[in-house]
Structure formats: C-alpha cells, structure tokens
Amino acid sequence: MWIALFGGLAQAAAAAEPRVVVFGGDLDYPPYEWLENGKPKGFLIDIEDAIARAGKADANHKQAPWPETMAALKSEAVDIVPMFRSDEREKNFWFSRPVFYAHHAIFTKSDPGRVTDLSALRLWRVAVEKSSFAHDQIVAGHPVGELVLASNTNDALGLLADGRADYAVLADQPSVRLISKLRMPVSKVGTPFWPREYSFAVRRDRPELIAWVDRNLDEVITSGEFQRIQAEWQAELDNPLPAVPLWLVKGWAPFAALVIGAFGILIFVLLRVRSGLVKERDRRDAAERDASFLVEHDRATGLPRRSKFETDANSLLKSSGGDRLKLVVLRTEDVRRGENKLSSEEFSIAQSLVGESLRDLALLSGYLCDKRFAAVISAGTTHGIVETIGRTLHHAGYEIELAWGGARFPEHGRDTHDLLKRAELALSACSASGRRWAVFDFAMESSLEADRLVRDFLAFGKDDVFAVYQPQLDLESGRITGAEALARWNHRELGPIAPDEFIPRLEKVGLLGQLTVRMIDEAIKESVRFRAKGFPIKVSVNVSAQDFADRDLPDLIDIRLRELGARPEDLTVELTESGVVTDPDLVRSTLAKLHRIGVRAAIDDFGTGFASLASFTELPFQELKIDRLFIERMRDSLSHREAVGSAINLARRMKMEVVAEGAPDLATIQLLKRMRCTRVQSFAISPPLLPDELISFLREFGLKDIFGGPRADRLKLVGGLA
Ligand code: C2E
Ligand code: CA
Ligand code: CA
C-alpha cells in the first residue's frame, strides 16, 4: 500500500524552511571560493547563492582559514560548508549530492625524492592543510616522514617555497590556481589521485537542513542554473596544467635537451608530457564515470535507479527471444533485528543486503525508492528468490518480509514502463487485500479505469492534493496547542473535491496508502517547522484501517521522524472508531509499535460506531475525538449532553485527552470547558488553514490565552470569547 507515487517522500524534503543560511568556506581556495577585497567570490559562492535563491533564503558567506571553518561548522557558527566527502567526515556530517568531482595531488619545490605517488612520501616532510580531507587520509593510512600542518592551501604551498616542507598533499585545482596566481616556485608532481565528490556538509543533528540543500540543489540543476554558473567558471575549472613531473621540466632533462640538442630526450619529454596528459584525462574520465555512476545508481543499495533500470530492462526484454520473463516490484516490510528496532544505519545495511542478493539472483535489478526494488526474472522463480533473500538476511541477523507484485512479459506489457506500472498496481492490490504477493490481472485495472477520480489521482495527485491544518484550541490554557492535517484536492478540471468524496474511492482500490504516506510526511515536516517557528503544537494525521493493516506503517513513521528530526510526541495518528473495531488484534500490534516509538494515537469519530469506550481500555490510545454529530446537538439535547459528559469522564479516567469536533458556537465551547473537555476543533475557532496561514494564525493567537486575551473577539467565535 505504501507505493510512493509521491516523489516528495523519497526526496526527504526539508522540514524547516530557513530564512537565512550561513555558508562557511575556505578563505583562499580558487576557483571554488576565496575572498577578494572582503567579498566572497568563486564557483561555489555562486552555487551557494543559487541554492539560497531556490530556497527563498538569504545566503551569508563566512570565509575563514580551513580549520576555523571546520570548527565553525561544528560549533554551529555556520550552517553549511562545501567539502570533500569522506567516511571519516560522514560520522559527523550529512552530505548533499555531489556538486563536482575533484582530485588531490602532490606538490613540491624541488622533488628531491622523485616522487610519483603517495607511497613515496614515507621519508619526507609533508605539508597538509589542518582538518582537511588529505590530513584525514594521511593520518588514516598513508604514513609520511613528518606531517607539517598548515592552516590553508597557500600556507602549505608557502611551506614548500620556504623549504620547511618537502612535499605537500593538496587539492589539485586550488593549488594550481594559487601557484600561478601567487607565482610560487612550486609545482605538481605525479598524477592527481583520489577522485572525490565535493559536496555540501551540515551537522548530523540537522537532517532537515541537508534535505533543504539537496532539494534546492536539485532545483538549481534542473532549472539550468547550475550549467549556466558552470559555463561561467569553465575556463578556471578546467585545469590547463598537465601533470608533468617537475624534475623533468625544470631539471636536467630540458637543460640537457637544450645543451646537447639530444632529440631523443626531447621526444622522451614530449612523450612524458603526453602520457601525463593521457593519465590526467584518464583520471578525469574515471571521475566522470564515478559521477555518472552515482547519478544513475542508488547510493544505499548500489542498484540502478528507476530510469537506468527501465533502459536496461528494455534492452533485456528486447533481446530475450522466447524466454518467459516477469517483472516484479518487491517491497521490504517489517525489517527487524531481534526485538530491537533498527537504527537508520542498520536499516540501510538491510536494504543494501536485499540489493546485493537481488543483484545475484535476478537477471536484472534496480531500486525504485521507498523500500521498493524492481527486478526482471525468469517466470516461476519469484517465490524462490524471495525466500533466498529472506534466508540471506536471516543469516545476517535480520528478519524481513517481502511483498511483491508481478507482471508477465509480454502479456501484461511490451515494455518496462507498462510492466512496471502493472507490477506496482499488483503490489498495491495485494497490500489492500493483506496478501504478500499478487500477479497483475486486467480486472485490477478495470476497477481503476472505471473511476475517473482514481485515474486522475494517479496522474495528478502528486501536484493537486495537499494538506491543510485545522487548529485545536486547548480549553484550559485558551491556547492553540494542536492541529489536524486534512487532505484537500484541487482538481485541475473539476475544482475542489471533498475528502469524503475521494478518500473512500482511493480506499476501495487500495491507493489510500499513497495519500496517507504523503500526509504523514507533510505533517511531520510541518510539525518540525511549526516548532522551529516557536509553536510546538501537536499535529494529527488520519490513518485508515487499511493503512493500519500495513505492518510497515510504524517503521515508516519512525524512520521519517528521525530523518526529519521531528519529535514523536508531536505526531498523533487518528484512527476511526469503526477502524479500531475491524481488526482489534492488528490494531493492537500496530498501536503497540507506535507507542514504543512515542507517537500518540487517537480514536476518531467516537460515537458514530457502536463500540463502548470501555472496549478500548486495553489499547494505548491517548486521545478521544468525539464526533461532531454529538457536539453539534449537545446545547439543545440533554441526552447528547449526557452522552458527551460520560464519554469525557470515562476518557479522563482512562488518562485520555478529549477533543470535541465541530462545536458550533461559543456557548457550546464554554459548556465543553465546564465539562473538562481538553480541546475543541471547529469552524467556530478556525477553518483548516494552509501551513503559512496557520503560522500567521498562531502568531496572532498561538501564545495568548484566547479566553482572556484582548484579541479574543477577533476569533471567528460567535460573540467572541472574551
Ligand atoms: P474527520 O477526520 O472527522 O475530520 C474533521 C472534519 O470535520 C473535516 O472535514 C473538518 O473540516 C470538519 N470540521 C471541522 N470543524 C467543523 C465544524 O465546525 N463544522 C463542520 N460542519 N465541519 C467541521 P473534511 O476536511 O471535509 O474531512 C472529512 C473527512 O475526510 C475527515 O473527517 C476524514 O475522515 C477524511 N479525511 C480528510 N483528510 C484525510 C486524510 O488525509 N486521510 C484520511 N484517511 N482521511 C481524511
Ligand atoms: Ca480526523
Ligand atoms: Ca473526526
């Protein structure tokens, strides 16, 4: 059910929208970044400005000596710093997608050791920039005679020029630039090495910020802005100097060539230059290959991403002859390790193990996103493959369940696009029916075809469906302390469609899960943002009984909470009374997991089913929402008033908070306050609002006691609350 139609989930969009971001960077690192007459300049500075523009934030730049910049990032004085990505650094920072690839190289004044690579530095004094990637690498595994620390690239080059170090290991490009800019008697030896991603880093406790960077960097790339900036800097980014050993050019060889006029030596020099150039080009080609590998492949699993998978699968299908092939979409669910829940790292390991096994077992495999893998296999082998993956993971200490949907080639589609669509449909149909697997069948599609709304939801839901938030008023404090996320669909042709209209239809064809995932994701993101803006309110999301039957739900919530840096207690899931009754055992286990994570749960629409509150005693609900039907009539009807009163009393005894829905007027709200109801959610207080509207509403009312406040009359409450 958790097929992600919505790419937004996978992209882990940012939770908080920063207004100002502070980019830290090196003081003198041309052509990437440097300070000129007090002004930051360089390729990276332009990219940073573009990222901030895409994110509608202001960019501040703080250029400082490198060790200071690193310290500033750690101490929160700056938010984002571009740097070489490394395993070591990944312990402390999140990294964005790569901005470019770059090399390191060895530099020297006189090449006393005739060095061609790192292993030859064991006897020499080697300068590096403190806290740099090269510093880490050398400490971790490339012993040198004596390490001489510099605070910047030009200082390190200065140490060479002054004879205080014999060699320096530095980023290739900036060093070459500085050498020519400052006319230093220093040059590069050997060929460049360590082709590496240069990416933006943020502290580990700010996952929402790296999501923000990635999102806006994507925007900068897709809008063509990146290419424009790159073109502007192209001349400086291209390193024109070949990697020719210094001694060859400046030492005895050219001299000999001149004096003796030995053509052989000249040819030798030229060959060396050429081979240097070829090596340089090979290195660059390798870096480009690395780059395109990363673009085309999922980082965690190493498998091709969707578009590459589609291309490869199409060729495979074309050349398959008469083989009976099947395309399956597999989804991992309920990944566990013993009784403990998985850390994000463990989860990634489990995912990568699935990827590895699939690569071995299938004819072709790929990673779609949201825990879904795709594979082309020989028809009839699916169950065996699924079982083998399960066993492999079991040996590694993980328990995993795999659900899959399949589509047969060529009956169900002549190309990968159609087959994928149909395999995914089968997968969502099998989740809807609670099964572990399903093969596509045309009847599945006809139930979709029959319903225009369902078709349109699949086609445009990603863009046209969004969340609004209806504030909840706390009756004791008179403040807004919560909000319910409600789905809105602004249909491009039919206009607004009520949730009562489209939600049941999505539920019928097993697609509601897609909406739920999106709503949960949005709600978590917004809760982080509301808190960041100074309004720590609880956000509720509606979850259907069908969603609750998906054992993946708690895991998904848990992972997203952690990824987005949200507090579990800020999220409440609402399950309707009738949903609780459908399958109490399943609800119990899902609720227990949510409870362990720390997410709150509410019984929604209480009073519309036939359950008594006492039947919920055993279930860990923290909140009861009384249906509007009761609240609307309580002012005029004694029996409704009594029913509400006893529900409130019982709920309080069960340590649950009570939310009254749809109180029509001030009199009812005051009545509810006297009856010790916890909160009210109704049009009388506010209709559902867009996130930014809610923030404005909270600015006005969120921190004030609405009952006592002077602005109480500005609430929509009939007669005001003052
Ligand atoms: P609900 O969960 O009971 O949500 C409360 C509904 O009452 C909302 O209607 C809200 O706009 C409405 N409401 C709030 N105060 C008042 C009031 O004072 N008077 C009246 N007449 N109505 C009030 P909405 O947004 O039209 O949603 C209707 C139902 O659709 C929701 O009822 C919920 O069952 C479902 N729904 C909405 N969004 C989602 C969603 O994201 N997922 C799921 N599964 N269901 C959703
Ligand atoms: Ca609700
Ligand atoms: Ca309700």
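This talk covers the confidence, a calcium site and the salt bridges of one predicted model.

Residues count from 1 along each chain as its sequence is written, while chains are lettered from A and ligands numbered from 1 in the order in which they are written. The model is predicted, with local features needing pLDDT of at least 70, side-chain atom pairs counting only at pLDDT 80 or more, and totals for chains, interfaces and linings using all residues, and side-chain values use heavy atoms, with hydrogens and water left out.

Confidence, then. pLDDT is the predictor's confidence in each residue, from 0 to 100. Its mean over the protein is 83, and 85% of the residues reach 70 or more. Where pLDDT is low, the coordinates should not be read in detail.

Next, the calcium ion, ligand 2. Its protein donors are Glu484 (OE), Asn542 (OD1), Glu574 (OE) and Asp604 (OD), 2.1 to 2.3 Å away. Donors are N, O and S atoms within 2.8 Å of the metal (3.2 Å for Na, K and Ca); water is not among the atoms, so sites may look incomplete. The sequence spacing of the donor residues is E-x57-N-x31-E-x29-D. Asn542 sits in strand β21 (residues 538–542) and Glu574 in strand β22 (residues 571–576), 32 residues apart. Helices (H or I, at least four residues) and strands (E, at least two) are DSSP runs, numbered from the N terminus. The cut-offs are under 20% relative accessible area for buried, over 50% for exposed, and partly exposed in between (1.4 Å probe, protein chains only). Asp604 also bridges to the calcium ion that is ligand 3, the two ions lying 3.8 Å apart.

Last, salt bridges, meaning a side-chain nitrogen of Lys or Arg within 4 Å of a carboxyl oxygen of Asp or Glu. The count is 49. In one of them, Glu424 meets Arg306 at 2.7 Å, N to O. That pair links helix α16 (residues 416–432) to helix α13 (residues 306–318), across 118 residues. Glu424 is buried at 9%; Arg306 is partly exposed at 30%. Glu493 and Arg452 form another, with the closest N and O atoms 2.5 Å apart. Glu493 is in the loop between β19 (480–491) and β20 (495–497) and Arg452 in helix α18 (residues 452–464), so the pair ties together parts 41 residues apart in sequence.
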